Amino acid sequence: MMFRTHLAFALLIGLVTMSLFNFNKYLFIIIVLFAGILPDIDHPRSKIGRKLRALSVPIKFLFGHRGLFHSLFMAAILSLFIWFFFDRWWIPFFIGYSSHLIIDGFTKLGVNFIHPFNQLHLSGFIETNGFIEKILFYTLVGCNVLIIIKNINLF
């Protein structure tokens with residue numbers, strides 16, 4: 001999926017789940033959005049990979065694209081790290097990170113959710129930056145707008 005689609009999906013998941021927790025809503029959404037793009041640090045040509053090239057290149061070399069950084073194992077490790085230093089802020093991080101993995105599971109390339117241990121590879125029918133992804137993106141944006149308008153006092 002493209003950067004913008006990951007952001008739109010992460011925002012949707014963040015908007016839907018944030019009322020379940022007692023967090024600062026703005027910080028919750030910021031963390032969900034950041035975590036929603038973080039797995040693509042394993043690709044130097046991604047938006048985040050270009051910004052953090054010094055990390056992205058070695059990560060891609062060591063783990064490949066859609067390898068360890070596109071797994072629930074990495075989501076859990078990073079979430080435990082955040083829990084240790086920032087207490088319950090692991091929750092929006094895990095929500096955002098997982099949203100990235102879920103939506104990448106709908107692409108033709110797919111994702112192995114439990115990499116590196118076993119194969120739980122999920123792949124779908126959506127071609128990255130293809131017509132269906134563009135329709136999905138605009139649908140997600142529409143859903144986000146409707147949720148924000150409906151819950152204008154949410155923020």
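Arg66 lies in the loop between α4 (53–63) and α5. Helices here are DSSP runs of H or I with at least four residues, strands are runs of E with at least two, and both are numbered from the N terminus. This is a predicted model, in which local features need pLDDT of at least 70 and side-chain atom pairs count only at pLDDT 80 or more, while totals for chains, interfaces and linings use all residues. Residues are numbered from 1 along each chain as its sequence is written, and side-chain values use heavy atoms, with hydrogens and water left out.

Most residues other than glycine have a negative phi, and most peptide bonds are trans. Arg66 has a positive phi, near 60 degrees. At 12% relative accessibility, Arg66 counts as buried; the label means under 20% relative accessible area, with exposed over 50% and partly exposed in between (1.4 Å probe, protein chains only). Asp87 also has a phi near 60 degrees, and its place is in the loop between α5 and α6. With 49% relative accessibility, Asp87 is partly exposed. Pro116 belongs to the loop between β1 and β2 (121–122).

Now step back to the whole chain. There are seven helices and two strands, and along the sequence they run α-α-α-α-α-α-β-β-α. A compact globule of 155 residues would have a radius of gyration near 15 Å, and the chain agrees because it has 15 Å. That radius is taken over C-alpha atoms, and the globule rule is 2.2 Å times the number of residues to the power 0.38. Buried residues make up 45% of the 155. Take contacts (heavy atoms within 4.5 Å) between residues at least 6 apart in sequence: 57% of them join residues at least 24 apart.

What sits inside? A nonpolar core is a set of buried Ala, Val, Leu, Ile, Met, Phe, Trp, Tyr and Cys residues joined through side-chain atoms within 4.5 Å. The largest one has 19 residues, and Leu15, Phe28, Ile29 and Leu140 touch the most other members. Two or more residues of this core come from each of α1 (3–17), α2, α6 (90–104) and α7 (131–150), with α1 giving the largest share, six residues. A second, separate core has 17 residues, including Leu38, Ile41, Ile48 and Ile82.

Leaving out residues up to four places away in sequence, Phe28 touches Gly14, Thr17, Met18, Phe21, Phe23, Trp89, Pro92 and Ile95. Ring pairs link Phe21, Phe23, Phe28 and Trp89 into a cluster. A pair of aromatic rings is described by the distance of the centres and the angle of the planes. Rings of Phe, Tyr and Trp (its six-membered ring) pair if their centres lie within 6.5 Å; planes under 30 degrees apart count as stacked, over 60 as edge-to-face and the rest as tilted.

The whole structure has 10 aromatic pairs. Phe21 and Phe23 are edge-to-face, because their ring centres are 6.0 Å apart and their planes are at 65 degrees. Phe21 is partly exposed at 26% relative accessible area, whereas Phe23 is buried at 8%. Phe81 and Phe85 make a tilted pair, because their centres are 4.8 Å apart and their planes are at 55 degrees. Both lie in helix α5 (residues 72–86), four residues apart, about one turn of the helix.

A charge sits over a ring if NZ of Lys or CZ of Arg is within 6 Å of the ring centre and within 35 degrees of the ring normal. Arg88 lies over the face of Phe23, 4.0 Å from the ring centre, and the charged end of Lys47 sits over the ring of Phe3 at 5.7 Å from its centre.

His43, in the loop between α2 (25–37) and α3 (47–51), is buried at 18% relative accessible area. Beyond residues up to four places away in sequence, His43 touches Gly49, Ser56, Lys60 and His65. Gly105, in the loop between α6 and β1 (111–112), is buried at 3%. Setting aside neighbours within four places in sequence, Gly105 contacts Val111, Leu122, Ser123 and Gly124.
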